[in-house]
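Colleague: I would like to go through this model by contacts, strands and surface. Please end each reply on the item I ask for.

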Amino acid sequence: MSARPRPDAGPPELEDDRTGLSKAALKRAFLDNLYYVQGKFPALASKHDYYMALAYTVRDRLLRRWISTASTYTREGSRTVAYFSAEFLLGPHLVNNLINLGIEQPVREAIRDLGLSFEELVGQEEEPGLGNGGLGRLAACYLDSMASLEIPSLGYGIRYEFGIFAQSLRDGWQVEQTDKWLRNGNPWELPRPEWAVEVKLGGHTERYTDPTGRAHVRWIAGRRVMGIPYDTPILGYRNNTANTLRLWRAEAPESFDLGVFNRGDYYGAVQQKIVSENISKVLYPNDEQVQGKELRLEQQFFFVSCSLQDMLRIMRGQKIPLERFHEKFAVQLNDTHPAIAIAELMRLLVDEQGMEWSAAWSVTTQCFGYTNHTLLPEALERWPLSLISRVLPRHVEIVMEINARFLEEARRRFAGEHERLARLSIIDEYGERHMRMANLASVGSHAINGVAALHSELLKRDVLADFHALWPEKFFNVTNGVTPRRWMALTNPRLTRFLCGVIGDGWLRDLEQLRRIEAHSEDAGFRREWRYIKRSVKEDLATYVRRITGISIDPESLFDVQVKRIHEYKRQHLNVLHIVALYHRIKSDPNAQVQPRTFIFGGKAAPGYHFAKLMIKLINAVGEVVNNDPAVGDRLKVVFLPNYNVTNGQRVYPAADLSEQISTAGKEASGTGNMKFSMNGALTIGTLDGANVEIRERVGAENFFLFGLSAAEVQASWSNGYEPGAIYRDNAELRAVIDLIRDGHFSGGDRELFRPLVDSLLYGDNYRLLADFQSYVDSQASVSAAYAKRDTWTRMSILNVARMGWFSSDRSIREYCRDIWHVEPVKIALLGKDQTNADLLQ
């Protein structure tokens, strides 16, 4: 125990080394964990040992809050949000937990006093690769906000052994490498094998009648897999709440068959272990082959079955009747990946618990809410009925019954509208039969929401128009948000300290308080400090870029940034067309006035998405030429940052001057990167797509660089006829740009390398790059003119930050709680060991 002085008279208060927050207590706890948990002493300890000792020291302080939270929820039977997501892109835990605990400074001082580098220890943390992009990062932000707002919640997902692949570049091409994020252990999780559940797969069904004459169905599984839960505490900001993220690992019921081994079949003895553990082996296996599709379906079913069984266990523990399942839990489906949960809950209630169908359906539909994240028809999940019948035979029967009853209801509303009824059906009967997961989610949920105002309107008008016509009361909008704790306080500590010095720290709980800096935008001294902070962060990124890529970039240049998943609709190649246009101007006139710019890209292409990989190659090929052309000099630089993830995002967002949000209007559901950039002072160039619309409304049209067709104009171009070839012929600069790429200028004379990309633009242009090209180039000229007037640019940057308060994920969660979940905050009082162990101490 260490002593903490008190201002009043009397002996000093003793501080528990497991929970104490003083520097002295933290130092002692750190050394204890190094010795007793890592089993090392300084002469043998590595940097990773020191990181683990520090992580366990911080985790100890989380556990008191975690146990107090679980104890309160259990005692009060609190209504709880169960957030089902195939992805949770959390980012590193250590510094985020220090900020939320409010002990970053004493920990830094304690580590410094011990002669160690805090930054080096932080750098040892592996990033959990449990997500691919916006979907998983949104889920992580929502967990943070639920804990910070004291909302009882459980996140449910999969503990992937290997996360989204690690990306490297070879000759400009993406190369995927295994993401071994668990290789050195994960100090933030606690395994709970005592809460393991069994999951069935394959097999067949049997019908039988019980002694009362009631008909039942029994699922005879072809194989069984065990789900082992691993719990990670999710700490709220400066409160006592620590909610739980529960991730499931797949395991064979018997990992080693001794009988098979003794017969000499050494591989066969562990075959069941290998097959079972594949389910939680990797995030999003390549599903180009049938085996990949089957594994992906098994993953989705595995985690929802584990989670629903776990929720039934919680209800039994809290002695809550089964009929009140929907009163205890509000389940949110984060896109369609967990939609099979609707059929699984029906199976558990009807087949396992003996509930009547109508009662079970009432519980199910009152329990689930469905968040749609896409407007792309090809991204709406559909499973071949032949596949799902093989993997989940009972669930196909249940969905068929759900569909029959639903269509009976729909026919009463839309009598004779056969095409509409065919679209509404959960089963797509055209060609090979498929199960439509968005339709299942819409039928089985009491609420359906989009994630930006435009997105929600387009859902109602296009993607789910028939469901909106049937059930308009089900539809809501909840515009996405991001947590300011990670995306400002952690990501941009210099700006955070500056803002806290001016307006206090209340804005980290209530981001709307940032409005108070708006008045300072006219203060020359405030603007000067703002520029100094931005410049220092840009210098940090320049140093990192040099170390990782070998490319030297000038912090004085405009940092023009596009970091996100690589996809045609996100239009990284439109950005490249602009770069080539600037390059062509310089080559045509070496004295051309071009605002110095550094173009920074980052993002991963799905392993099977060959066109997106070609886009990465194009970015790097253009960069190779531009960066090494003496005529260009330092006026243009092109950088592709490999392995873009949360950690790299934390480096990039605060350093950006310009945020590229240039997706084809009507294609992006919302986006959250656009919010992170604006919160950190970047200005946006963008289309009227996703949350861009609302960002522009909030920050002011004069502080946003708008270009391109609207969603309505894009839609009209399909019906009115669209000729990209004519645009190419009529626009001399565009023609020169396309010709440079087509003629092999950026591919060593190889005219075939980028031919698929050029042909896609000239003979289809499904994402309307050529239609938007001139508007984009003109808007970029406005960007350059504004950046040249540094005071004007700085004022616009300040106003962007000041007006971004509405885009906090705290606001999003409040809306979910009010409109969809109907969940109230629960205050947590910290309990001591004696209180939580009272039953044992009696």
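Colleague: On what basis are features reported, and what is left out of the side-chain values?

Modeller: This is a predicted model, in which local features need pLDDT of at least 70 and side-chain atom pairs count only at pLDDT 80 or more, while totals for chains, interfaces and linings use all residues. Residues are numbered from 1 along each chain as its sequence is written, and side-chain values use heavy atoms, leaving out hydrogens and water.

Colleague: Is strand 3 enclosed or open, judging by how many of its residues are buried?

Modeller: Helices (H or I, at least four residues) and strands (E, at least two) are DSSP runs, numbered from the N terminus. Buried means under 20% relative accessible area, exposed over 50%, and partly exposed in between (1.4 Å probe, protein chains only). On one side of strand 3, T80, A82 and F84 are buried, and on the other V81 and Y83 are buried. Strand 3 (residues 80-84) has five of five residues buried, so it is largely enclosed by the rest of the structure.

Colleague: Which strand pairs with strand 3 over five bridges?

Modeller: Two strands pair if DSSP finds at least two bridges between them. Strand 3 is joined to strand 4 (residues 153-158) by four bridges, running parallel, with Y83 opposite G155. In the other pairing A82 stands opposite V331. The parallel partner over five bridges is strand 13 (residues 329-334).

Colleague: In the open sheet of three strands, which are the edge strands?

Modeller: The order is 15-17-16, with antiparallel pairing. Strand 16 and strand 17 (residues 434-436) are joined by two bridges, and D428 stands opposite H434. Pairing on one side only marks the edges, strand 15 (382-384) and strand 16 (427-428).

Colleague: How many aromatic pairs are there, and how far apart in the chain are Y142 and Y816?

Modeller: Rings of Phe, Tyr and Trp (its six-membered ring) pair if their centres lie within 6.5 Å; planes under 30 degrees apart count as stacked, over 60 as edge-to-face and the rest as tilted. The structure holds 21 aromatic pairs, and Y142 with Y816 is edge-to-face, at 5.7 Å centre to centre and 70° between the planes. Y142 lies in helix 6 (residues 134-148) and Y816 in helix 33 (residues 809-821), and they are 674 residues apart.

Colleague: Which residues form one aromatic cluster with Y142 and Y816?

Modeller: Y142 is buried, with a relative accessible area of 0%, and Y816 is buried at 0% as well. The cluster also takes in Y83 and W821.

Colleague: Which ring lies under the charged end of K538?

Modeller: A charge sits over a ring if NZ of Lys or CZ of Arg is within 6 Å of the ring centre and within 35 degrees of the ring normal. K604 lies over the face of F165, at 5.3 Å from the ring centre. For K538 the distance to the ring centre is 4.6 Å, and the ring is that of F559.

Colleague: How many residues apart are R485 and D144?

Modeller: A salt bridge is a side-chain nitrogen of Lys or Arg within 4 Å of a carboxyl oxygen of Asp or Glu, and the structure holds 67 salt bridges. R485 and D144 form one with their closest N and O atoms 2.8 Å apart. The pair links R485 in helix 19 (residues 484-490) with D144 in helix 6, 341 residues apart.
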